[in-house]
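In this notebook I record, entry by entry, what I looked up in one structure. The sequence and the model come first, and my entries follow.

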Amino acid sequence: MAQQLLMPKATAVWLVDNTALSFDQIAQFCKLHPLEVKAIADGESAQGIKGLDPISTGQLSRDEIARAEGNPNHKLKLSEPKVRVPESKRKGPRYTPVSKRQDRPNAILWLVRNHPELKDAQISRLVGTTKSTIEQIRERTHWNSTNLTAMDPVTLGLCTQIDLDLEVERASKGRPLPTAAELGATLESSQETEKLGFSYEREEEKEMDADAVFAKLKSLKSDRKDDEDDDY
């Protein structure tokens, strides 16, 4: 993998403030446009960015800077790293620590139940298993099927949430939208609801008759008085 400059714009800020390099040299080294470097020098750009010293990070030597300051046509080159990290080229399923391998069937069961759109190859990448094991768990023919408990592989530490979301997003691309039957829709069409014949009849308000109300009150009082007389 080609070596890349760390924080190019912050490095450009430091080079503008601490060296006599030309705008073109800084732009070429930091992968910026010369006008952008000029804007940094004029204070029109990168005002809130703190300069990053490429010498302290080991990406540029003082001799290289001095050589470029003496020759405007010299192009700055990144310093060779002191430690070479080999590029990882992982093929096949993800490696799973021995202490967590017993949790893989539970994670596979969780993925099969909660994300049926995932392919066997995707599940294999997430938890580091084989397609035959996935098929056995999906068809309930695994030797330990009766004791399996669906568990989130992220919680178990078999994969990260970012990896899981990425695989789910990949599996969802090109997938047809769910139909109304799959969603369990209960709404009826407008043609059917128009035939239901709902009627909202408003009851006419009856006018209150004051004389009838008072007459009824008098009759109630007289009845109560007669009851009291009977008690005596």
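**Entry 1. The buried side of α3.** I began with helix α3 and noted that V37, A39 and I40 are its buried residues. Viewed down the axis of α3, these buried residues fall within an arc of 155 degrees, so they line one face of the helix. The arc is that of the directions from the helix axis to the C-beta atoms. For "buried" I used a relative accessible area under 20%; "exposed" is over 50% and "partly exposed" is in between, with a 1.4 Å probe and protein chains only. Helices (H or I, at least four residues) and strands (E, at least two) are DSSP runs, numbered from the N terminus. I then looked up the cover over the buried residues of α3, which includes α1 and α2. After α3 comes G43, and I noted that its phi is positive, near 80 degrees.

**Entry 2. The model.** I wrote down that this is a predicted model, in which local features need pLDDT of at least 70 and side-chain atom pairs count only at pLDDT 80 or more, while totals for chains, interfaces and linings use all residues. Residues are numbered from 1 along each chain as its sequence is written, and side-chain values use heavy atoms, with hydrogens and water left out.

**Entry 3. The whole chain.** I found 12 helices and zero strands in the chain. The chain has 232 residues, of which 29% count as buried. For contacts I took heavy atoms within 4.5 Å. Among contacts between residues at least 6 apart in sequence, 63% join residues at least 24 apart.

**Entry 4. α1 against α3.** Two packed helices are described by the angle between their axes and the distance between the axes. I looked up helix α1 (residues 8-18) and helix α3 (residues 34-41), which pack at an angle of about 60 degrees with their axes 10 Å apart. That makes α1 oblique to α3. Angles under 35 degrees count as roughly parallel, over 145 as roughly antiparallel, 65 to 115 as roughly perpendicular and the rest as oblique. The axes are lines fitted to C-alpha atoms, for helices over the stretch in contact, and the angles run from 0 to 180 degrees between N-to-C directions. I noted that α1 passes α3 in a right-handed crossing. A crossing is right-handed if the near helix is turned clockwise from the far one by less than a right angle, and left-handed if anticlockwise.

Which residues of α1 and α3 meet? On the α1 side I listed K9, A12, V13 and V16, and on the α3 side E36, V37, I40 and A41. By class, this contact of α1 with α3 has six nonpolar, no polar and two charged residues. Ala, Val, Leu, Ile, Met, Phe, Trp, Tyr, Cys and Pro count as nonpolar, Asp, Glu, Lys and Arg as charged, and the others, Gly among them, as polar.

**Entry 5. The buried residues of α1.** I found A10, T11, A12, V13, W14, L15 and V16 to be the buried residues of α1. They pack against α2, α3 and α4 (62-70).

**Entry 6. Single residues.** Leaving out residues up to four places away in sequence, Q25 touches A68, N71, P72, N73, H74 and L76.

L35 has its place in helix α3 and is exposed, with a relative accessible area of 60%. I noted 8.0 Å between the C-alpha atoms of L35 and F23, which are 12 residues apart along the chain.

K31 lies in the loop between α2 and α3. Its phi is near 60 degrees, a positive value in a residue other than glycine. K31 is exposed, at 69% relative accessible area.

R140 is in the loop between α7 (131-138) and α8 (153-156). The phi of R140 is also positive, near 60 degrees. R140 counts as partly exposed, at 46% relative accessibility.

**Entry 7. α5 against α6.** The axes of helix α5 (residues 104-114) and helix α6 (residues 120-127) come within 11 Å and cross at roughly 140 degrees. That makes α5 oblique to α6. I recorded their crossing as right-handed. R104, A107, I108, L111 and V112 of α5 make the contact with I123, L126 and V127 of α6. These residues divide into seven nonpolar, no polar and one charged.
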